[in-house]
Amino acid sequence: MLFKQKVIIPETQMGLLFKHEQFDRLLPAGVHYLNQWARAYQVETLTINELADKGIDTKLLDLAERHPEVFAPYLTQWETNENEVALIYVDKSLKDIKQPSQRGAYWNSQRKVLIKKLDISNDFKVDKDLAGQLLFSKNPYLRGLGANYLTYMVVPEGHVGFLTVNGEAQGQLAAGAYTWWSFNRTIQVTLMDCRLQNMEINGQEILTKDRVGLRINLSAVWQVLNPDLVKTSLVDHKDYLYRELQLALRAVVSTQTLDELLVDKNLLNETIQTLVAEKAKEYGLELKTVGARDIILPGEMKAILAQVVEAQKQAEANLIRRREETQETRSLHNTAKVMEGNPVLLRLKELEVLEKITSHISTLNVYGGLDGVMNDLVRLTDKTKPS
């Protein structure tokens, strides 16, 4: 018996009509009457608003591809090749990123869906604004896409970056932020510090020319001048510079005696810098300064050196003492010659000495009065002039 079946599709939905389990047509929003015979028709409804910006599932996509003339007015389909990515915008807002070699479709609705495809076969650098939307979005879904699909690198000030794609060098990167699509390629960035740097060569135990064991700590200030030359010439430029400074230090110390090292430490620094700077320059490095911070002697050598220094200082003290004694004797001799021909001056000197003596005694007995003091206590002998 033939009768009509009434089917109502709400305005937010779309109906899929199947006849004998085979797709027949789409039922848009509205009232539909179907000639029903032995339950030949089945209707499956989909909520369009919920799927508008999420895309359709694979089963529905396969159905749409088998019936393109039926679905064309209702779907916006997309497909990316192996060197393309698709940016999905809904009402001008970025909502999704589609990887290469994928396909999909969106229901046409009041929410406008825009699909923008990018060719990343050669230019795989990501626009700064797009990178910011993905990497720093408040939407956790977009941030997750950025973390999975992008390679992000910041080259700090004073550094140089070297970009390598699939093992092939692509050139130098100046200071700044860079973002690339990670699809179909391996991207690596190696940083090189081009600022002034300090290097410490500590605890170097070396024998001098006179077989004295020393432990020396050396400091060096250096800088990368030609990053490309350094990158292509040296596997590890810091290790290279360390070894050259270490070898130069050993070579110079082993040709000098302990006394020579201690007398002029600057000579050691200048010699090492001259030796290493020429070699370093060939590989794009500049050695600014070299300085021996510490020259440490063995315990027994410290004691011997202390004795030597003490003996030297004692000898200097004795020399000064002898000079003072000689000067004092010469002064007395000159005074005696002056007094020899001047009895009055000699008498005054004697009285001065007598005054000093009496200042240190408590009792003084004088016999014979002042005349005894002047004549008996201190006697003067005048030379008799020949007649």
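The following dialogue explains how to read several features of this predicted model.

Student: Which conventions apply here?

Tutor: In this predicted model, local features need pLDDT of at least 70 and side-chain atom pairs count only at pLDDT 80 or more, while totals for chains, interfaces and linings use all residues. Residues are numbered from 1 along each chain as its sequence is written, and side-chain values use heavy atoms, with hydrogens and water left out.

Student: Is strand S9 largely enclosed or exposed?

Tutor: Strands (E, at least two residues) and helices (H or I, at least four) are DSSP runs, numbered from the N terminus. Buried means under 20% relative accessible area, exposed over 50%, and partly exposed in between (1.4 Å probe, protein chains only). Four of the five residues of S9 (residues 103-107) are buried, so the strand is largely enclosed by the rest of the structure.

Student: What does arginine 103 form with glutamate 65?

Tutor: A salt bridge places a side-chain nitrogen of Lys or Arg within 4 Å of a carboxyl oxygen of Asp or Glu. Arginine 103 forms one with glutamate 65, the closest N and O atoms being 2.6 Å apart. Since arginine 103 lies in strand S9 and glutamate 65 in helix H2 (residues 58-66), the pair ties together parts that are 38 residues apart in sequence. Arginine 103 is partly exposed at 35% relative accessible area, and glutamate 65 is partly exposed at 39%. Asp62, Glu65 and Arg103 are linked in a salt-bridge network.

Student: How many salt bridges does the structure hold?

Tutor: The structure holds eleven.
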